[in-house]
Amino acid sequence: IGVRLVGSEMCIRDRISPEEYPVFPTFKTNDFIEVNPDVLLDMIERTIYSVSNDETRYHLNGVYFEKNTVEGRTQFRMVATDGHRLSLVDRFTDGITANIINAGVIIPRKGLAEIKKIIDFSEEPIQMAVEGSQLIIKAGSTVLMVRLIEGKYPNYQQLIPKGLKKTASINRESLLSSIRRVSLLSNQKSKGVTISLANGKMEISSNNPELGDAKEEIDVDYSGEELKIGFNAKYILDILNSFHEDNLNLELDSQLSPGLIRPANDNDYTCVVMPMRI
């Protein structure tokens, strides 16, 4: 019975026929694999922030998930991009892997959020399978079925720059706190900050005609040519907040080329950020 409170009166709505309730979809597959919930959660958190919010580009409204075989081992990969940034994470599994994913699938953002909830509140192992256009997640007696996004995911490999010549090693917390402070005076629409690299130093600055200028300098391990490049501060902060490591590497080439950010000790997590014109 549905109950609605109006003023001081209580109104009782008519009963709804059970036949009108949506039928829960069924599945026939038994090709489930067991996935380490901590690994799956880590992969989701390292990619979900890069999912596009542009509904006209529906194939970018989720995370691309695929299975590869590398040197005889099974590798799971998640990729997300909104056209301005990209995040890619690889993780290996040594368990039994049924053919749950013969081709990559696109898992929508809302589905990933529900998977995160299951991982957070369930102490059961996570099992996963794909049947048709559905992703099936099981944790004990809980079953979640997520409708996958139909469409062809772009060739993300073309978006990852190769052969970048300038690399700076940076303490994550120093960079994170500096960008947070400097971005307070950035343009509220573009959120642009300028990063200037010189021998052993990184200068982070922003300018807002209405509020003023902000500038900070931090120590970095860098000995290449001087370089000045602009980035959206929010994109950089999203990346840094997804890191658990203490140090990172920032790889650059020129003022107009994308930047690449990786944890110093994890080459299986790659983040790409497009530059802004200064």
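Two strands are taken to pair if DSSP finds at least two bridges between them. Helices (H or I, at least four residues) and strands (E, at least two) are DSSP runs, numbered from the N terminus. What I present this morning is a predicted model, in which local features need pLDDT of at least 70, side-chain atom pairs count only at pLDDT 80 or more, and totals for chains, interfaces and linings use all residues. Residues are numbered from 1 along each chain as its sequence is written, and side-chain values use heavy atoms, with hydrogens and water left out.

I begin with strand E7. Its proline 108 stands opposite glycine 62, and its isoleucine 106 stands opposite tyrosine 64. Strand E4, residues 62-70, pairs with E7 in the antiparallel sense over 4 bridges. Both faces of E7 are covered: Val105 and Ile107 on one side, and Ile106 and Pro108 on the other, are all buried. Buried here means under 20% relative accessible area, exposed means over 50%, and partly exposed lies in between, with a 1.4 Å probe and protein chains only.

These two strands belong to an open, antiparallel sheet of 8 strands, in the order E7-E4-E5-E6-E18-E17-E16-E11. Strand E7 (105-108) and strand E11 (166-171) stand at the edges with a single partner strand each, so one side of each is left without a neighbour in the sheet. From one strand to the next, the twist averages 20 degrees. For angles, axes are lines fitted to C-alpha atoms, for helices over the stretch in contact, and values run from 0 to 180 degrees between N-to-C directions.

Which strands does helix H1 lie across? Helix H1, residues 37-45, lies across strand E5 (73-81) and strand E6 (85-93), and runs at about 30 degrees to E5. Helix H4, residues 233-242, packs on the sheet as well, touching E6, strand E16 (247-252), strand E17 (259-263) and strand E18 (269-273). Contact means heavy atoms within 4.5 Å.

H4 is largely enclosed by the rest of the structure, because 8 of its 10 residues are buried. Among them are Tyr235, Ile236, Leu237 and Asp238. At the start of H4, a side-chain oxygen of asparagine 232 comes to within 2.8 Å of the backbone nitrogen of lysine 234.

I turn to the packing of two helices. H1 packs with helix H2, residues 109-121, at an angle of about 145 degrees, and the axes are 10 Å apart. In this contact Pro37, Leu40, Leu41, Ile44 and Glu45 of H1 meet Leu112, Ile115, Lys116, Ile119 and Asp120 of H2. By class, the contact has 7 nonpolar, no polar and 3 charged residues. In this scheme Ala, Val, Leu, Ile, Met, Phe, Trp, Tyr, Cys and Pro count as nonpolar, Asp, Glu, Lys and Arg as charged, and the others, Gly among them, as polar.

A further open sheet has 4 strands in the order E3-E8-E9-E10, with antiparallel pairing. Strand E3 (33-35) and strand E10 (142-147) are at its edges, each with a single partner strand, so one side of each has no neighbour in the sheet. Strand E8 (residues 126-131) and strand E9 (residues 134-139) run antiparallel and are joined by 5 bridges; glutamate 131 has glutamine 134 in E9 as its bridge partner. H2 packs on this sheet, touching E8, E9 and E10, and its direction makes about 165 degrees with that of E10.

Finally, lysine 191 lies in the loop between helix H3 (172-182) and strand E12 (192-198). Although not a glycine, lysine 191 has a positive phi of about 55 degrees.

Methods: A polar contact is a pair of N or O atoms within 3.5 Å; within protein, one must be able to donate a hydrogen and the other to accept it, and residues adjacent in sequence count only if both atoms are side-chain atoms.
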